[in-house]
Amino acid sequence: MWGISSNRNLAIDLGNNNTLLTDQSSILLSQPSFLVVDEENNRVAAVGDKAYEMLEKTHSNLKPIKPLKGGVISDGDSVKKMLKEMVSRVNNHSWFDRGFNYLLSGVPYDTTPVEKRALRDALDQFTSRNTFLVHEPLAAALGIGLNIQEPEGKLVVDIGGGITEVVVISLSGIAAFQSIRVAGDAMDEEIQDYMRKEYNMSVGLKTAEMMKKKIGCVYAPVATDEKFVVKGKDLIEGIPTSRQISQQELTHVLERPFKQIEDSIHQSLQVCPPELASDIYQSGIHVTGGSAMLKGIKERFSKNFKLPVKVDPAALTSVSKGIGHILSNPAKYRAVLV
Ligand SMILES: Nc1ncnc2c1ncn2[C@@H]1O[C@H](COP(=O)(O)OP(=O)(O)OP(=O)(O)O)[C@@H](O)[C@H]1O
Ligand SMILES: [Mg+2]
């Protein structure tokens, strides 16, 4: 059974699309960052998987909420409710009352003081002796297994759901970065847009995401003619309809958002100090975050940047593993606690 280990530390990766709770040794919970609220009584009707399943299928009383956008909190009240429910699922009540020793939460590197404040507010509902934020790209680097404390520069690209962050890490800090609010969600919206314009077909966000996960590809030379049957609604006739879309076609659709991501890598390499750039020439690009699973990333980046490219095989869990790793020795990682 899942439960929090005895020294009561908890790491939260509050992601735009997925929230993971971890202690210093293992992942305790991994759920979509969604909730459904019953508007009649303002109660939470579902959280996580159940809420995601209900997305775009609820009736008028049940309101589905995605409380993060662009990787940051857009609805503070809903985040509080969602976290409360998720933490209570992995927590033992007596510990809950006594609180945590360390409570750490990831936060994108490029966040405003107001966005950080919203996160601290959501964490304040839990009793904890030491509450800190950790910049997600640093946590991701640790989760991948990189040594962030040494002076050798490392380039980490975290392509999540709401935000892409590109950072050059050295001596536990960030020497250069680019951050754009373009990631998996923007790709799903691009797919919806394309289906609407090209085929007069309205498809749900979940369908668009599924299509991207199944046949999404970002590099034409590796795209196949594999097909995905998309079901949606004909916008002219108003009736259910379906269409086959090939991987080659989808590669073309994903080009615009993906090019923006690639441009941000170019920009961070341009502003990177020369000594660190020479390190990166050796160590290459480390790609993580759920959207790193898109087909063709490795081939495309290798060709365009002429650097070694390492795609994280556990791209959905790097940030949470990294924050969990910090929990195992908070004193060692003091420099990265915010
Ligand atoms: N196999 C896959 N192929 C392509 N994209 C995928 C795949 N699996 C997941 N994704 C995408 O990864 C994204 C979620 O990744 P992740 O969990 O790293 O994001 P997050 O941490 O919740 O968001 P953020 O880091 O922006 O706050 C979603 O957009 C999802 O569609
Ligand atoms: Mg993330």
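Q: Hi! I'm new to this one. How many bridges join β14 to strand β15, and which way do they run?
A: Welcome! In this predicted model, β14 and strand β15 (residues 227-234) are joined by two bridges, and the strands run antiparallel.

Q: Which residue does methionine 201 stand opposite?
A: Methionine 201 faces aspartate 234 in β15.

Q: What's the strand order in the open sheet of three strands?
A: The order is β14-β15-β16, and the pairing is antiparallel. The edge strands are β14 (201-202) and β16 (240-246), each of which pairs on one side only.

Q: Which strands does α7 lie across?
A: Helix α7 lies across β15 and β16, and runs at about 170 degrees to β15.

Q: OK, on to the ligand. How many residues surround ligand 1?
A: There are 22 residues around ligand 1, and the closest are Gly15, Asn16, Gly160, Gly184 and Gly290. Two elements give two or more residues to this shell, namely α6 (184-199) and α7 (205-215).

Q: Which element gives the most?
A: That's α7, with three residues in the shell around ligand 1.

Q: And what is the shell like by class?
A: The shell around ligand 1 has 13 polar residues, five nonpolar ones and four charged ones.

Q: Let's look at the sheet of five strands. What order do they come in?
A: That open sheet reads β13-β12-β11-β17-β18, with mixed pairing. At its edges are β13 (173-180) and β18 (309-311), and each of them pairs on one side only. On average, neighbouring strands of this sheet are turned by 20 degrees against each other, direction ignored.

Q: How do β17 and β18 run, and how many bridges join them?
A: They run parallel, and three bridges join strand β17 (residues 285-288) to β18. Histidine 286 has lysine 310 in β18 as its bridge partner.

Q: Which helix packs on the sheet touching β17 and β18?
A: Helix α10 (residues 297-305) does, and its direction makes about 160 degrees with that of β18.

Q: What about α8, which strands does it lie across?
A: Helix α8 (residues 247-271) lies across β11 (154-159), β12 (164-170) and β13. The helix runs at about 150 degrees to β13.

Q: Changing topic: where do the axes of α2 and α4 come, and at roughly what angle do they cross?
A: The axes of helix α2 (residues 76-90) and helix α4 (residues 113-123) come within 9 Å, with a crossing angle of roughly 35 degrees. The crossing is right-handed.

Q: Which residues meet there?
A: From α2 there are Gly76, Val79, Lys80 and Leu83, and they meet Ala118, Asp121 and Ala122 in α4. By class, this contact of α2 with α4 has four nonpolar, one polar and two charged residues.

Q: Now a loop. Where does glycine 99 lie?
A: Glycine 99 sits in the loop between α3 (93-98) and β9 (100-107).

Q: Is glycine 99 buried or exposed?
A: Glycine 99 counts as exposed, because it has 12 C-beta neighbours inside 10 Å, and a residue with 12 or fewer is classed that way.

Q: What is glycine 99 in contact with, leaving aside its neighbours within four places in sequence?
A: Its contacts are Phe126, Thr127, Ser128 and Arg129. The C-alpha atoms of glycine 99 and threonine 127 are separated by 4.5 Å, although these residues are 28 residues apart along the chain.

Q: What about serine 172, what phi does it have?
A: Serine 172 has a positive phi of about 60 degrees, although it is not a glycine. Most residues other than glycine have a negative phi. Serine 172 lies in the loop between β12 and β13, and it counts as partly exposed, with 17 C-beta neighbours inside 10 Å.

Q: And asparagine 200, what is its phi?
A: Asparagine 200 has a positive phi of about 50 degrees, and it is not a glycine. It lies in the loop between α6 and β14. Asparagine 200 is partly exposed, with 14 other C-beta atoms within 10 Å.

Q: Last one! Why is helix α11 largely enclosed by the rest of the structure?
A: Helix α11 (residues 318-328) is largely enclosed because nine of its 11 residues are buried. Among them are Val319, Ile323, Ile326 and Leu327.

Definitions and conventions: Residues numbered from 1 in each chain as written. Chains lettered and ligands numbered in written order. Predicted model: local features only at pLDDT ≥ 70, side-chain atom pairs only at ≥ 80, totals over all residues. Axes fitted to C-alpha atoms, helices over the stretch in contact; angles between N-to-C directions. Helix = DSSP H or I, 4+ residues; strand = E, 2+ residues; numbered from the N terminus. Left-handed = near helix turned anticlockwise from the far one by under 90°. Contact = placed C-beta atoms within 7 Å. Nonpolar A, V, L, I, M, F, W, Y, C, P; charged D, E, K, R; others polar. Near = placed C-beta within 6 Å. Pairing = 2+ DSSP bridges. Buried ≥ 20, exposed ≤ 12 C-beta atoms within 10 Å, placed from the backbone.
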